[in-house]
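Please look through the sequence and the model shown here before reading on.

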Amino acid sequence: MKKSEKLLPIVIDANVFEHLLNPQENVDQHINQILAVITSSHQLYIDRGGKIQGEYEVRLEAAINNPEQQDNFEIYLLRFWLKMKEMKIVEVDTPQSLRDAIKKVIIEVSETIDRCFVETAALSNCDLITNDELHIHNRAKDLKKAIKKLGYKKTEIINSLEARDKFCSKSES
């Protein structure tokens with residue numbers, strides 16, 4: 001990608017980065033493949049309220065700073081995406097209509113971060129890669145329907161295996 005070309009937005013749930021470090025979840029190193037392939041074409045988008053950044057720090061900071069793991073390629077990828085590569089802050093307030101639509105699908109009061117990942121992806125008109133089968137991915141159809149009604153038509157909610165199929169198959173052809 002040429003420097004003059006704009007990077008495409010992407011929102012990645014913290015659990016995908018956690019699964020990067022878990023061989024049982026990172027089957028055939030598919031998360032490594034995704035993160036490597038989209039490095040030059042995509043930019044991580046986060047909310048301006050800092051919820052997503054805070055989630056990354058709480059869940060991943062210890063792994064990033066673990067001195068015993070510093071030679072691990074997955075730690076390098078993690079550090080690259082979360083520390084070295086510039087993230088784009090979405091400078092738009094979430095409309096109440098969007099917040100309410102998502103809240104009707106992700107009804108659990110405590111799941112504010114999960115709702116924030118979906119809101120940020122919708123506001124950015126981009127894909128959300130998540131492995132949260134409990135609150136997000138298993139409700140992707142309903143979430144997509146709810147946000148599409150509000151005009152957010154480009155947002156897809158996909159898990160890491162689906163993301164590999166979407167992003168990595170293009171690079172191999």
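Helix α3 (residues 51–65) and helix α6 (residues 112–124) pack with their axes 9 Å apart and at an angle of about 125°, where helices are DSSP runs (H or I, at least four residues) numbered from the N terminus, and where axes are lines fitted to C-alpha atoms over the stretch in contact, with angles running from 0 to 180 degrees between N-to-C directions. The two helices α3 and α6 are therefore oblique to each other, since angles under 35 degrees count as roughly parallel, over 145 as roughly antiparallel, 65 to 115 as roughly perpendicular and the rest as oblique. This is a predicted model, in which local features need pLDDT of at least 70 and side-chain atom pairs count only at pLDDT 80 or more, while totals for chains, interfaces and linings use all residues. Residues are numbered from 1 along each chain as its sequence is written, and side-chain values use heavy atoms, with hydrogens and water left out.

On the α3 side, the contact is made by Lys51, Ile52, Glu55 and Tyr56, and on the α6 side by Thr112, Ile113, Cys116, Phe117 and Thr120, contact meaning heavy atoms within 4.5 Å.

The axes of helix α2 (residues 30–37) and helix α4 (residues 73–84) come within 11 Å and cross at roughly 40°, and that makes α2 oblique to α4. Here Asn32, Leu35 and Ala36 of α2 meet Phe73, Glu74, Leu77 and Trp81 of α4.

Next come the aromatic rings. A pair of aromatic rings is described by the distance of the centres and the angle of the planes. Rings of Phe, Tyr and Trp (its six-membered ring) pair if their centres lie within 6.5 Å, and planes under 30 degrees apart count as stacked, over 60 as edge-to-face and the rest as tilted. By this rule there are 5 aromatic pairs, and one of them, Phe80 with Trp81, is edge-to-face, at 6.4 Å centre to centre and 85° between the planes. Ring pairs also link Phe73, Tyr76, Phe80 and Trp81 into a cluster. Phe80 is buried, with a relative accessible area of 18%, and Trp81 counts as buried at 1% (buried means under 20%, exposed over 50%, partly exposed in between, with a 1.4 Å probe and protein chains only).

Which residues does Leu82 touch, not counting those up to four places away in sequence? Leu82, which lies in helix α4, touches Phe17, Leu44, Tyr56, Leu60, Ile64 and Met87, and Leu82 is buried, with a relative accessible area of 8%.
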